[in-house]
Amino acid sequence: MSRISLTQYLVEQQREHGHIPAQLRLLIEVVARACKRIAISVNKGALGEVLGSAGSENVQGEVQKKLDIISNEVLIEANEWGGHLAAMASEEMDSIHVVPNRYPQGEYLLLFDPLDGSSNIDVNVSIGTIFSVLRKVNNQRGISEEDFLQPGKQQAAAGYCVYGPQTTLVLTVGRGVAMFTLDREQGSWVLTAEDVQIPEDTKEFAINMSNMRHWDDPVKRYIDECLAGKEGPRGKDFNMRWVASMVADVHRILTRGGIFMYPWDKREPDKPGKLRLMYEANPMAFLVEQAGGMATNGRQRVMDLVPSKLHERVSVVLGSKNEVQRVTGYHLEAGQ
Ligand SMILES: O=P(O)(O)OC[C@H]1O[C@](O)(COP(=O)(O)O)[C@@H](O)[C@@H]1O
Ligand SMILES: [Mg+2]
Ligand SMILES: [Mg+2]
């Protein structure tokens, strides 16, 4: 079997199909290289200085793990001098990082959750890196945070790398979804799945059930109906999975279908949700839609939302189309 590398795949997307410009191809290659370096740190575990807390907090008041900071640095350092970017934004940084003048400037903006699933680092469960690429729209002035506040439908590319039993990079440039598995001996990303499709129906849901008492009625109704199984209105038994790393939960859904929800809840009513629109929801929504699935905040398509701030939070319902439609319908019926 002939093996297609990430580079070959991207060159084909650029030269033969004209789907992406050279600058975007090179940018994605730099991100993929950074993910390889992060994978090496992840794999060191207790043998390296990578486990445990860093003793600091990010802008969202979350305690940072050492690996959150290491991954953030790896991504900044790798991308800074690549010449494809104007600026970067990260879950772990208060404000945007403009590419310094001493480096060549590019026309793209890169956003990332450098390490997703931080609570799973020390317990050796799958974690990942999520990224999103936007174009710099305004070229008349210097770069500012405002340039990043674009709806997800304007993403030029998005993807994630999951550091699990296998290290897998999942990518979309707006022409379907492709998966690449890291061949550690060769040090290369090998194309292992193309035209990924999420089944429209599913019998598997992912939600943090411990928050049940705080949910809104439409979410409660949907989960209650799933739990009622064969004897209930759905007439079938459902299974539940919750890894607590969005990358791993979404990876399962891209692989075998399912629905993932992190809804608004009553604990902090002013907070739209736990997950971040720009670093988590948008890139995952782009991938899921490209694989034939659907992603909403319970009412609207995630990728239509216009962010008003960089670290904006959002409620997320994504995965198999018919289930996401059902949950969204329940919200709309309830007038919420
Ligand atoms: O702790 P909970 O409620 O299970 O939340 C898990 C969710 O939080 C996240 O870990 C947030 O990501 P970070 O680790 O990047 O903060 C998601 O990946 C995951 O879906
Ligand atoms: Mg995250
Ligand atoms: Mg994170």
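Colleague: In which sense do strands E5 and E6 pair, and over how many bridges?

Modeller: First, what is being read: this is a predicted model, in which local features need pLDDT of at least 70, side-chain atom pairs count only at pLDDT 80 or more, and totals for chains, interfaces and linings use all residues. Residues are numbered from 1 along each chain as its sequence is written, while chains are lettered from A and ligands numbered from 1 in the order in which they are written. Strands (E, at least two residues) and helices (H or I, at least four) are DSSP runs, numbered from the N terminus. Two strands pair if DSSP finds at least two bridges between them. Here E5 and E6 pair in the antiparallel sense, over seven bridges. Within that pairing, Leu111 stands opposite Ser132 in E6.

Colleague: How many bridges join E6 and E7?

Modeller: Seven, and the sense of that pairing is antiparallel. Phe131 is the residue opposite Gly159 in E7.

Colleague: How much of E6 is buried?

Modeller: A residue is buried if 20 or more other C-beta atoms lie within 10 Å of its own, exposed if 12 or fewer, and partly exposed in between, with C-beta atoms placed from the backbone. In E6, eight of the nine residues are buried, so the strand is largely enclosed by the rest of the structure.

Colleague: Take one residue of E7. Is Tyr160 buried or exposed?

Modeller: Tyr160 lies in strand E7. Tyr160 is buried, with 27 other C-beta atoms within 10 Å.

Colleague: Which residues does Tyr160 touch?

Modeller: Contact is judged from C-beta atoms placed from the backbone: two residues are in contact if these lie within 7 Å. Leaving out residues up to four places away in sequence, Tyr160 touches Gly128, Thr129, Ile130, Phe131, Val170, Val247 and Pro283. As for Leu111, that residue is 49 residues from Tyr160 along the chain, and 12 Å separate their C-alpha atoms.

Colleague: Which domains does the chain have?

Modeller: Domain bounds come from an automatic or database domain assignment. In this chain the assignment gives domain 1 (6-193) and domain 2 (204-333). Their centres, taken over C-alpha atoms, are 24 Å apart. The contact between them takes 35 residues from domain 1 and 29 residues from domain 2.

Colleague: Which strands supply at least two residues each of the side of domain 1 that touches domain 2?

Modeller: They are E5 (108-116), E6 (127-135), E7 (157-163) and E8 (167-172). E6 gives the largest share of that side, five residues. Classes can be counted too: Ala, Val, Leu, Ile, Met, Phe, Trp, Tyr, Cys and Pro count as nonpolar, Asp, Glu, Lys and Arg as charged, and the others, Gly among them, as polar. The side of domain 1 that touches domain 2 has 16 nonpolar, 14 polar and five charged residues.

Colleague: Where does ligand 1 lie?

Modeller: Domain 1 and domain 2 both give residues to the shell around ligand 1, so it lies between them. Among the surrounding residues are Glu62, Asp113, Asn208, Met246 and Tyr262. The shell divides into three nonpolar, five polar and four charged residues.

Colleague: Met246 is also in helix H5. How many of the residues of H5 are buried?

Modeller: Eight of the 11 residues of H5 (residues 246-256) are buried, so the helix is largely enclosed by the rest of the structure. The buried residues include Met246, Val247 and His251. Just after H5, Gly257 takes a positive phi of about 90°.

Colleague: How far does helix H2 reach?

Modeller: The expected span of a helix is 1.5 Å times one less than its number of residues. H2 (residues 22-44) has 23 residues and reaches 34 Å from its first C-alpha to its last, close to the 33 Å expected. Burial can then be read along the helix. An α-helix has 3.6 residues a turn, so residues three or four places apart point the same way. In H2 the buried residues include Leu24, Leu27, Ile28, Val31 and Cys35. Gly45 follows H2, with a positive phi near 50°.

Colleague: In what order do the strands of the five-stranded open sheet run?

Modeller: The order is E12-E11-E13-E17-E15, with mixed pairing. E12 (239-240) and E15 (294-296) are the edge strands, each pairing on one side only. E15 pairs with E17 (residues 316-319) in the antiparallel sense over three bridges.

Definitions and conventions: A residue is near a molecule or strand if its C-beta atom, placed from the backbone, lies within 6 Å of it.
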